[in-house]
Amino acid sequence: MSSDSTATVFGTAQVKRARYAIAAVFTVHGAVTGSFATRVPWIQEHSGVSAGQLGLALAFPAIGASLAMPLAGRISHRFGARNALRGLLALWTLALVLPSLAPNLLTLCAGLFVYGASAGMSDVAMNALGVEVENRLDRSIMSGLHGMWSAGALIGSAAGTVAAHIGADARLHHLLAALTLTALGLLACQGVLDLRSEADEEPPPRFTLPPKSALVIGAIGFCAVFAEGASMDWSAVYLRDVIDSSAGLAAASTTAFALMMTVARLAGDRIVDRFGAVRSVRAGGVLATAGGVLVVLSPGVVGVLCGFGLIGLGVAVVVPLAFAAAGRSGPNPSQAIAGVATITYTSGLVAPSAIGSLAEATSLVVSFGLVTVLAFGLVLGAGVLRGAERKVADSVPVPGGVVAKSPSEG
């Protein structure tokens with residue numbers, strides 16, 4: 001939606017309720033991802049695809065998301081932010097059932113395309129509303145919101161692990177999860193801010209290239225998500241193949257990384273409010289770089305585990321702050337957020353395969369040397385997130401509520 005909509009006045013209590021509502025939306029969104037991820041082996045077996053075909057199919061969520069995300073701003077413009085989020089989130093939660101229904105590769109790719117498209121559009125809509133709430137509260141909440149997403153993913157994956165352990169049919173599991181999460185999502189959407197565009201406001205384009213500001217901010221997000229994706233997908237393999245650890249310790253590395261990410265994001269808002277976005281990301285880059293050095297140079301399990309933990313700690317707040325900066329970078333926050341989201345989704349898609357290809361040509365140690373270099377990029381490029389720094393002048397109290405000034409107000 002246009003920045004002009006940020007001049008809408010809401011009561012202080014209403015804005016505070018909206019904060020908890022949008023946090024619940026993030027949790028529901030993350031729970032869908034966690035529910036899906038744990039049943040991928042069942043989906044592969046049911047659809048009868050090979051490992052290579054599965055890898056191809058798993059590219060389609062990112063393709064769908066990248067193509068559909070620019071539409072989120074137009075949908076919000078037409079229906080209002082609350083109605084748009086309500087519809088897009090319901091589409092996302094219900095799309096959970098599609099991959100488990102696929103009987104072959106073609107239908108699996110189609111189902112995952114829709115799954116990714118609905119994920120991307122709802123992602124843009126909820127991040128745009130998150131930035132709006134942050135503007136009105138005049139304190140950082142985006143890191144905590146993404147922490148709630150991570151918590152939702154952990155909840156969804158835990159439920160999925162139980163379902164897989166008892167041998168539940170993924171079609172039934174995902175149907176029940178989809179219905180439950182749809183109901184919870186619709187309930188949560190009742191409390192989000194009901195922002196609407198002005199009657200004479202031009203609708204955003206259906207498809208457009210990301211604005212230049214989003215490309216610059218997205219580059220920082222790319223570095224963080226690359227390190228995140230590489231660590232999530234390859235940490236267990238690294239411990240097994242390079243350090244020769246036990247299977248249990250190897251698996252624990254992924255869990256430790258995810259938990260560090262979640263905890264850091266939930267605590268990140270206080271750090272950002274105290275030190276600012278730029279210094280927080282720069283310090284995070286130092287931690288992630290140190291973690292990468294530990295992973296590459298440590299000869300034992302403890303050092304490598306600590307290294308992956310530091311990478312998770314260091315990159316945790318970068319993406320939330322990138323979305324916050326994008327939401328304040330121009331006259332069309334949804335368009336800028338969609339641009340940053342497209343870049344970060346692409347990074348998440350590229351990272352696992354890039355690490356694998358480089359490891360095959362050289363070694364996993366060299367691959368994580370690349371991760372370390374990209375982590376250091378956060379230290380060098382943190383300054384582009386100055387847009388995530390909030391100033392008192394950007395948000396002024398008015399009788400009976402809070403109003404955030406738009407850029408056009410000076």
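Modeller: Start with arginine 240, which is partly exposed, with a relative accessible area of 48%. Partly exposed lies between two cut-offs: buried means under 20% relative accessible area and exposed means over 50%, with a 1.4 Å probe and protein chains only. First, some ground rules. This is a predicted model, so local features need pLDDT of at least 70 and side-chain atom pairs count only at pLDDT 80 or more, while totals for chains, interfaces and linings use all residues. Residues are numbered from 1 along each chain as its sequence is written, and side-chain values use heavy atoms, leaving out hydrogens and water.

Now the partner. The side chain of arginine 240 meets that of aspartate 241 in a salt bridge, at 2.7 Å from N to O. That term needs a side-chain nitrogen of Lys or Arg within 4 Å of a carboxyl oxygen of Asp or Glu. Side chains of opposite charge can pair when their charged atoms come close. Aspartate 241 is partly exposed too, because its relative accessibility is 46%.

Look just past this pair. Aspartate 244 is found in the loop between H11 and H12. Helices (H or I, at least four residues) and strands (E, at least two) are DSSP runs, numbered from the N terminus. Aspartate 244 is not a glycine, yet it has a positive phi of about 60°. Its relative accessible area is 66%, so aspartate 244 counts as exposed.

Aspartate 138 sits between helix H8 (105–137) and helix H9 (142–165). Its phi is positive as well, near 60°, in a residue other than glycine. Aspartate 138 is partly exposed, at 30% relative accessible area.

Back to the charged pairs. The structure holds four salt bridges. One of them joins glutamate 228 and arginine 265, whose closest N and O atoms are 4.0 Å apart. This pair links distant parts of the chain: glutamate 228 is in helix H11, arginine 265 is in helix H12, and 37 residues separate them. Arginine 265 is buried, because its relative accessible area is 5%. Another salt bridge brings together the side chains of arginine 171 and aspartate 169, at 2.8 Å from N to O. Arginine 171 is partly exposed at 37%, and aspartate 169 is partly exposed at 28%.

Contact means heavy atoms within 4.5 Å. What covers the buried residues of H14 includes helix H11 (212–241), helix H12 (247–275), helix H13 (277–297), helix H15 (318–327) and helix H17 (364–381). Among those buried residues of H14 are Gly303, Val304, Phe308, Ile311 and Val315. H14 itself covers residues 301–315, and its 15 residues should span 21 Å at 1.5 Å a residue; its end C-alpha atoms are 22 Å apart, which agrees. The rule for the expected span is 1.5 Å times one less than the number of residues.

H13 has 21 residues and reaches 30 Å from first C-alpha to last, close to the 30 Å expected. Its buried residues include Ala277, Val281, Gly284, Gly291 and Val295. The cover on the buried residues of H13 includes H11, H12, H14, H15 and H17.

Next, the cysteines. A disulfide is a covalent bond between the sulfur atoms of two cysteines. The test here is a pair of cysteine sulfur atoms within 2.5 Å. By this rule the count is zero disulfides. Cysteine 109 is buried, at 8% relative accessible area. Cysteine 306 is partly exposed, at 42%.

Now turn to helix H10 (residues 170–189), where histidine 173 lies. Histidine 173 is buried, because its relative accessible area is 12%. Leaving out residues up to four places away in sequence, histidine 173 touches Ser35, Arg39, Gly160 and Ala163. Histidine 173 and serine 100 are 73 residues apart in sequence, but 9.4 Å apart in space, C-alpha to C-alpha.

Last stop: the surface. Leu94, Leu175 and Leu179 make a nonpolar patch of about 260 Å². Patch residues have over 30% relative accessible area and no salt bridge; like charges are joined within 9 Å, and nonpolar side chains (Val, Leu, Ile, Met, Phe, Trp, Tyr) within 5 Å. The areas come from the Shrake-Rupley method with a 1.4 Å probe, and for residues only the protein chains shown count as cover. Leucine 94 belongs to helix H6 (residues 81–95). At 40% relative accessibility, leucine 94 counts as partly exposed.
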